[in-house]
Amino acid sequence: MTGRLNSLRLPLLLTLFSICLATFGLSNASAQKPAVATGILNRDQAGPLLPPSVFYLSQVAPIQARNSAGYRFASGRLFLATMVDTSGYTSAVQQTYQGYLILEVPLMVGGKMLAAGAYGFGFIADNRMVVMDPGGTQVFSTSTVPDASLTRPNPLQILPVPAPGNGFRLYLGRNYVTIEAATK
């Protein structure tokens with residue numbers, strides 16, 4: 001009888017041991033999950049988060065992942081910016097539509113409120129930035145600032161606001177606009 005009880009207990013003990021190992025393994029794996037970094041995302045970090053193409057004015061245009069950047073907030077939410085291949089658009093559209101913004105949170109862009117969503121944008125003459133909805137309607141226009149001290153401008157990049165400051169700067173070439181979290 002003792003041999004029969006031991007043969008019944010062994011599978012039960014093995015099952016309980018397996019459950020304990022699996023539970024410990026799952027909780028240990030979630031505890032070791034690396035924290036997602038907050039702050040500025042370079043093109044290698046932002047590019048894979050962006051769709052390969054974007055919709056604007058009834059057309060689909062490929063993005064330029066090599067000319068992309070982003071910002072991850074402490075909440076994990078993202079701001080992404082990328083330049084777009086606008087070769088299929090008219091020259092009039094190409095003058096104002098140079099890039100695409102994706103916001104998961106409302107932001108202040110050059111002092112103007114911009115709701116979460118997707119937008120076309122461009123830096124235009126007279127140090128201005130225009131932001132447009134996917135249908136091409138202008139949402140707003142704001143001033144950009146030329147930065148003569150920028151030694152190596154990229155087509156698109158994000159840099160921190162010099163201290164003391166909140167937010168970051170979105171650059172197209174040497175011109176930038178300051179972006180900050182919107183206050184509620």
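This briefing describes the fold, the cores and several individual residues of one protein.

The structure is a predicted model, in which local features need pLDDT of at least 70 and side-chain atom pairs count only at pLDDT 80 or more, while totals for chains, interfaces and linings use all residues. Residues are numbered from 1 along each chain as its sequence is written, and side-chain values use heavy atoms, with hydrogens and water left out. The protein has 3 helices and 14 strands; helices (H or I, at least four residues) and strands (E, at least two) are DSSP runs, numbered from the N terminus.

**Overall picture**

- Of the 184 residues in the protein, 35% are buried. Buried means under 20% relative accessible area, exposed means over 50%, and partly exposed lies in between (1.4 Å probe, protein chains only).
- The protein exposes about 10900 Å², and carbon and sulfur atoms supply 59% of this area. Accessible areas come from the Shrake-Rupley method with a 1.4 Å probe; for residues, only the protein chains shown count as cover.
- Among contacts in the protein with a separation of 6 or more, 45% join residues 24 or more positions apart. A contact means heavy atoms within 4.5 Å.

**Nonpolar cores and aromatic rings**

- The largest nonpolar core contains 25 residues. Such a core is a set of buried Ala, Val, Leu, Ile, Met, Phe, Trp, Tyr and Cys residues joined through side-chain atoms within 4.5 Å.
- Phe 79, Leu 101, Phe 121, Met 129 and Leu 170 have the most contacts inside this core.
- Leu 101 touches, among others, Phe 79, Phe 121, Met 129 and Leu 170, when residues up to four places away in sequence are not counted.
- A second, separate core has 16 residues, including Ile 63, Val 84, Tyr 100 and Met 132.
- A search of the whole structure finds 8 aromatic pairs. Rings of Phe, Tyr and Trp (its six-membered ring) pair if their centres lie within 6.5 Å; planes under 30 degrees apart count as stacked, over 60 as edge-to-face and the rest as tilted.
- One aromatic cluster is formed by Tyr 71, Phe 73, Phe 79 and Phe 168.

- Arg 169 is located in strand β13 (residues 168-172). With a relative accessible area of 14%, Arg 169 is buried.
- Arg 169 lies over the face of Tyr 176, at 4.0 Å from the ring centre. A charge sits over a ring if NZ of Lys or CZ of Arg is within 6 Å of the ring centre and within 35 degrees of the ring normal.
- The side chains of Arg 169 and Tyr 176 are also joined by a polar contact of 3.2 Å. A polar contact is a pair of N or O atoms within 3.5 Å; within protein, one must be able to donate a hydrogen and the other to accept it, and residues adjacent in sequence count only if both atoms are side-chain atoms.
- Not counting residues up to four places away in sequence, Arg 169 touches residues including Asp 147, Gln 157, Leu 159, Tyr 176 and Thr 178.
- Thr 178 belongs to strand β14 (residues 175-181) and is partly exposed, at 28% relative accessibility.
- Apart from neighbours within four places in sequence, the contacts of Thr 178 include Met 108, Val 109, Phe 168 and Arg 169.
- Thr 178 and Leu 159 are 19 residues apart along the chain, and their C-alpha atoms are separated by 9.6 Å.

**Leu 107**

- Leu 107 lies in strand β6 (residues 107-109) and is buried, at 0% relative accessibility.
- The C-alpha atoms of Leu 107 and Glu 180 are separated by 5.8 Å, although the two are 73 residues apart along the chain.
- With residues up to four places away in sequence left out, Leu 107 touches Phe 73, Phe 79, Ile 179 and Glu 180, among others.

**Loop residues**

- Pro 155 is in the loop between β11 (145-146) and β12 (156-160), and it is partly exposed, with a relative accessible area of 44%.
- Pro 155 touches Asn 67, Met 83, Tyr 171, Leu 172 and Gly 173, not counting residues up to four places away in sequence.
- Leu 57 is placed in the loop between β2 (53-56) and β3 (59-72), and Ser 58 lies in the loop between β2 and β3.
- Phi of Leu 57 is near 50°, a positive value in a residue other than glycine; phi of Ser 58 is positive too, near 65°.
- Leu 57 is partly exposed at 29% relative accessibility, whereas Ser 58 is exposed at 67%.
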